[in-house]
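Hi there,

Here is the structure I promised to pass on. Have a look at it first, and my notes on it follow below.

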Amino acid sequence: MTDLPIKNLIRRYRFDVGEMTQKELAARVGVTRQTIVAIENAKYSPTLELAFKIAEVFDASVEDVFQYQPNAGQKQKS
């Protein structure tokens, strides 16, 4: 199984704003807690709309919260 190319700093942002829970974040952006868990753990890539909503909660840009790493999970050639 390879990692998704979208990495994020959601966990850090949640703690920077007073230890917001995954459940609280989920409620603010209109998804389930399980969706936030999957995004945080790079098991699921959010839609563009959801990425913007999450960034807005933290008063941050999408680029600050999410990073696109197109080579993530690919094996290095020897």
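**Around Ile6**

Leaving aside residues up to four places away in sequence, Ile6 touches Ala42, Ser45, Phe66, Gln67 and Tyr68, where contact means heavy atoms within 4.5 Å. Before going further: this is a predicted model, in which local features need pLDDT of at least 70 and side-chain atom pairs count only at pLDDT 80 or more, while totals for chains, interfaces and linings use all residues. Residues are numbered from 1 along each chain as its sequence is written, and side-chain values use heavy atoms, with hydrogens and water left out.

Ile6 lies in strand β1 (residues 6-8); strands (E, at least two residues) and helices (H or I, at least four) are DSSP runs, numbered from the N terminus. The C-alpha atoms of Ile6 and Phe66 are separated by 6.6 Å, although the two are 60 residues apart along the chain. With a relative accessible area of 24%, Ile6 is partly exposed (buried is under 20%, exposed over 50%, partly exposed in between, using a 1.4 Å probe and protein chains only).

**Helix α4**

In α4 (residues 48-57), the buried residues are Leu50, Ala51, Ile54, Ala55 and Val57. Seen down the helix axis, they fall within an arc of 155 degrees, so they line one face of α4; the arc is taken from the directions from the helix axis to the C-beta atoms. The face turned away from that buried side carries the exposed residues Leu48, Glu49 and Glu56. Among the elements covering the buried residues of α4 are α1 (10-16), α2 (22-29) and β2 (66-68).

**How α2 meets α3**

The axes of α2 and α3 come within 8 Å and cross at roughly 110 degrees (axes are lines fitted to C-alpha atoms, for helices over the stretch in contact, with angles from 0 to 180 degrees between N-to-C directions). That makes α2 roughly perpendicular to α3, a label for angles of 65 to 115 degrees; under 35 is roughly parallel, over 145 roughly antiparallel and the rest oblique. Gln22, Lys23, Leu25, Ala26 and Val29 in α2 meet Arg33, Ile36, Val37 and Glu40 in α3.

**Two loop residues**

Glu19, in the loop between α1 and α2, has a positive phi near 60 degrees and is exposed at 55% relative accessibility. Ala42 sits in the loop between α3 and α4 and has a positive phi of about 55 degrees although it is not a glycine. Ala42 is buried, at 17% relative accessible area.

Best wishes
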